Amino acid sequence: MSKTTKNRWPLGIVLVIAVFLVVMLSVTGYLMTQDVNLVTDTYYEKELGYQTRIKAMERTRALGRDAGFVTTPGAIIVQYPRAMASMAGEGHVLLYRPSDRSADRSLPIVADSAAQQAMPFTHLSSGLWRIQVQWTMRGEEYYMEQPFMVP
C-alpha cells in the first residue's frame, strides 16, 4: 500500500497571486475614489514663472518696513508702500487655504489713505491660511506672503 502525497505548492502560489490581485484592485479602487486637490490646475506654468516671483519678492524686501503685514485678533492688515495709497486696483490679495482650494478668495487691492488694507478673517474657517499680495507699481511687480492662523 503506497501512500501518495499531493504537492500543494502550485495551489499556494495561485492563492498568493489571487490575494495579491484582490488587494491591489481594492487599493486601486479606493484610491480612484479619493479627491485629489492640487494646489493649482496650472502648476507647470506657475513653476516656469517662479523666477519672476523671486525677483518680485526681492523688490518687496528692498522696500524694507514700507511693506508688510500686521496681525490683529480679528484681522490681518496689509501695509503697502506710501506710493500705493493713490494706486488702488493695481494688484490683488489672495487668501489661500492650503488644505482646501475651494475656500481660496481673491480680492482687489484697496489701500486707504494710510496705504493699508485691513482684511478681517472672522468669515474664514479656522485653521492655517496664507495671505499672498501681488501688485504692480511703476511698472515693476511686487509680491509678499505670510501664513496666519484663524482660531
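Q: Which residues lie nearest the centre of the largest pocket, and how many residues line the pocket?

A: In this predicted model, 23 residues line the largest pocket, and Val-39, Lys-46, Arg-53, Gln-132 and Tyr-143 lie nearest its centre. The volume of this pocket is about 660 Å³.

Q: How do you know that the length of α3 is close to what is expected?

A: Set the value against the rule. The expected span is 1.5 Å times one less than the number of residues. For the 13 residues of α3 that gives 18 Å, and the helix reaches 18 Å from its first C-alpha to its last. Just after α3, Gly-64 takes a positive phi of about 70°.

Q: Why are β1 and β5 called edge strands?

A: The open sheet has three strands in the order β1-β2-β5, with antiparallel pairing. β1 (68-71) and β5 (116-120) each have a single partner strand, so one side of each is left without a neighbour in the sheet. On average, neighbouring strands of this sheet are turned by 20° against each other, direction ignored.

Q: What makes β1 and β2 a pair?

A: Pairing needs at least two bridges between the strands. Four bridges join β1 to β2 (residues 75-79), and the two run antiparallel, so they count as paired. As one of the partners across these strands, Ile-77 in β2 is bridged to Val-70.

Q: How many bridges join β6 to β7?

A: There are 11, and the strands run antiparallel. At least two are needed, so β6 and β7 also count as a pair. Gln-132 stands opposite Glu-145 in β7. The hairpin of β6 and β7 has two residues between the strands, and Arg-138 takes a positive phi near 55° there.

Q: Why is Met-137 called buried?

A: Met-137 is found in strand β6. Its relative accessible area is 3%, and buried means under 20%, so the term applies. The C-alpha atoms of Met-137 and Tyr-80 are separated by 11 Å, with the two residues 57 apart along the chain.

How values were computed: Residues numbered from 1 in each chain as written. Predicted model: local features only at pLDDT ≥ 70, side-chain atom pairs only at ≥ 80, totals over all residues. Heavy atoms only, no water. 1 Å grid on protein atoms, 1.4 Å probe; cavity = no way out; pocket = protein on both sides within 12 Å on 5 of 7 lines; lining within 4 Å. Points joined across faces, edges and corners; volume = space filled by probe spheres on them. Axes fitted to C-alpha atoms, helices over the stretch in contact; angles between N-to-C directions. Buried < 20%, exposed > 50% of the residue type's maximum accessible area, 1.4 Å probe, protein only.
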